[in-house]
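Trainee: I would like to learn how to read a sheet, a core and a few side chains in a model. Could we go through one together?

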Amino acid sequence: MVSRNDRDTVIGGLVLVAGFLAMMLVFFVGDRVRNDQADYSVTARFNRADGVAIGTIVRLSGAPVGTVAAQALDERYRALLTLRLHPDIHLPADSAALIQTDGLLGAKFIELRPGGDDAELKPGQEIQYTQDAVVIEDLLDLIIQQARAKRGYLDRPLPTTIN
């Protein structure tokens, strides 16, 4: 006969294994439930694509409609991103792609802004209108330089209060 403690240990172990398997199923299979073969790809060129990586979310009006599938450099060393979009997304040919940030220090994502053209963007075509990522460090440096210039300290160090 099995003691109560042994039985509780076995049941607890089975619950942990079942929970682990369920988490693995969600993690590895959850994103693949949708048929990726039906998705289509378009490209977009950016001068700067800081913070964007493969798998970055592509949004349209705040709703996720795809991901960044590939990154490369073109012959002029600009970032060439391949965006994989859901098949039910039909963008006008003059749509724009912008690199945005979730909040002040949040993750980057690609925001699509539809244009007004009657022609649709076809698979394999390039989005012509893009806006690069804003790098917060560059923005802060610009603000500091403007403040120093207004106070007359652009070419000399700031005064200190230490004697």
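Mentor: Let us begin with the sheet. Strands of a sheet pair through backbone hydrogen bonds, either parallel or antiparallel. In this predicted model, eight strands make an open sheet of mixed pairing, ordered β7-β1-β4-β3-β2-β6-β5-β8. Strands here are DSSP runs of E with at least two residues, numbered from the N terminus, and two strands pair if DSSP finds at least two bridges between them.

Trainee: What should I know about the numbering and the confidence limits?

Mentor: Residues are counted from 1 along each chain as its sequence is written. Local features need pLDDT of at least 70 and side-chain atom pairs 80 or more, while totals for chains, interfaces and linings use all residues; side-chain values use heavy atoms, without hydrogens and water.

Trainee: How many bridges join β1 to β4, and how many join β1 to β7?

Mentor: Seven bridges link β1 with β4, and these two run antiparallel; S41 faces R84 of β4. With β7, strand β1 runs parallel over two bridges, and T43 has E126 as its bridge partner there.

Trainee: Why is β1 described as largely enclosed by the rest of the structure?

Mentor: Because five of its seven residues are buried, meaning under 20% relative accessible area with a 1.4 Å probe, protein chains only.

Trainee: Which residues touch the most other members of the largest nonpolar core?

Mentor: That core has 23 residues, and F46, V58, L83, L85, I110, L112 and I127 touch the most other members. β1, β2, β3 (63-73), β4 (79-85), β5 (96-101) and β6 (108-113) each give two or more residues to this core. A nonpolar core is a set of buried Ala, Val, Leu, Ile, Met, Phe, Trp, Tyr and Cys residues joined through side-chain atoms within 4.5 Å.

Trainee: Is T56 buried or exposed?

Mentor: T56 is buried, at 10% relative accessible area, although T56 lies in the loop between β1 (40-46) and β2 (57-60). Beyond four places in sequence, T56 is in contact (heavy atoms within 4.5 Å) with G66, T67, V68, K108, F109 and I110.

Trainee: Where does R59 lie relative to F109?

Mentor: R59 lies over the face of the F109 ring, 4.2 Å from the ring centre. The rule asks for NZ of Lys or CZ of Arg within 6 Å of the centre and within 35 degrees of the ring normal.

Conventions. Helix = DSSP H or I, 4+ residues; strand = E, 2+ residues; numbered from the N terminus. Buried < 20%, exposed > 50% of the residue type's maximum accessible area, 1.4 Å probe, protein only.
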